[in-house]
Amino acid sequence: MPEKKTTEIRSRAVREILSNKPHLVLRFASAGILILLCLFIGLSWFVPYPAVVVSKITIQKDGKGSSAQKYSGEIDIPLRQISSVKVGQQVNVRIEGIPNEIEGTIEAIDEELKTKGPQNRPYYRSKIRLTKPLANERNLAASNAPLQGDARIITEDLRLFERIFGKIQKVIFN
């Protein structure tokens, strides 16, 4: 049985490029980029990146003359984010003048759609009950003025890794 001859049709320049090893800098640079990519993917597993709904909140005291003051507030949830907000979800509230965040829960969400602002942006009003006492409650007890602050509703508690690769996983496996 005769052997087949293999002929290489390559120019001298191509043979020269293929016969030389890459320079040391190029080899270490590509290895370094690969290591950095692996570190980023590994560290993204530990970084929390939750989906949140942020809104302004107005807080007032519930009841009068009771020894244990209870506070509740109202927030406006934009129409595009209302589907991810449910009654009973945790709300983190930061009140102006109080250094710590205060926890609360969503008690109720109005069924009536309202609009506000010059563009008539639609929103739903939601009632929040604060579940922990305020840090400076003695200072605030004398004042009956409503407190202003920011509310953050955590709708999905995900990691950065799940945010990045969760969408790719849904596309591949669904």
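# Exercises on contacts and salt bridges

Leaving aside residues up to four places away in sequence, isoleucine 153 touches Ala51, Val52, Val53, Ile75, Ile77, Val85, Gln89, Gln90, Val91 and Ile106. The model is predicted.

**Exercise 1.** Find which residues of the largest nonpolar core touch the most other members, and which elements give two or more residues to this core.

*Solution.* 
- Step 1. The largest nonpolar core has 20 residues.
- Step 2. Ile59, Val93 and Ile153 touch the most other members of this core.
- Step 3. Two or more core residues come from each of strand 1, strand 2, strand 3 (90-95), strand 4 (102-109), strand 6 and strand 7.

**Exercise 2.** State how many salt bridges the structure holds, then describe the one between aspartate 150 and lysine 56.

*Solution.* 
- Step 1. There are four salt bridges in the structure.
- Step 2. In the bridge between aspartate 150 and lysine 56, the closest N and O atoms are 3.1 Å apart.
- Step 3. Aspartate 150 belongs to strand 7 (residues 147-156) and lysine 56 to strand 1 (residues 51-62), so this pair ties together parts that are 94 residues apart in sequence.
- Step 4. The relative accessible area of lysine 56 is 58%, so lysine 56 is exposed.
- Step 5. Aspartate 150 has a relative accessible area of 33% and is therefore partly exposed.

**Exercise 3.** Work out which parts of the chain arginine 125 and aspartate 76 tie together, and whether aspartate 76 counts as buried or exposed.

*Solution.* 
- Step 1. Arginine 125 and aspartate 76 form a salt bridge, with 2.7 Å between the closest N and O atoms.
- Step 2. Arginine 125 is in strand 6 (residues 121-130), while aspartate 76 is in strand 2 (residues 70-78), so the bridge ties together parts that are 49 residues apart in sequence.
- Step 3. Buried means under 20% relative accessible area. Aspartate 76, at 14%, therefore counts as buried.
- Step 4. Arginine 125 is partly exposed, its relative accessible area being 25%.
- Step 5. Arginine 125 and Asp76 also belong to a network of salt bridges that includes Glu74.

How values were computed:
Residues numbered from 1 in each chain as written. Predicted model: local features only at pLDDT ≥ 70, side-chain atom pairs only at ≥ 80, totals over all residues. Heavy atoms only, no water. Salt bridge = Lys/Arg side-chain N within 4 Å of Asp/Glu carboxyl O. Helix = DSSP H or I, 4+ residues; strand = E, 2+ residues; numbered from the N terminus. Buried < 20%, exposed > 50% of the residue type's maximum accessible area, 1.4 Å probe, protein only. Core = buried A, V, L, I, M, F, W, Y, C linked by side-chain atoms within 4.5 Å. Contact = heavy atoms within 4.5 Å.
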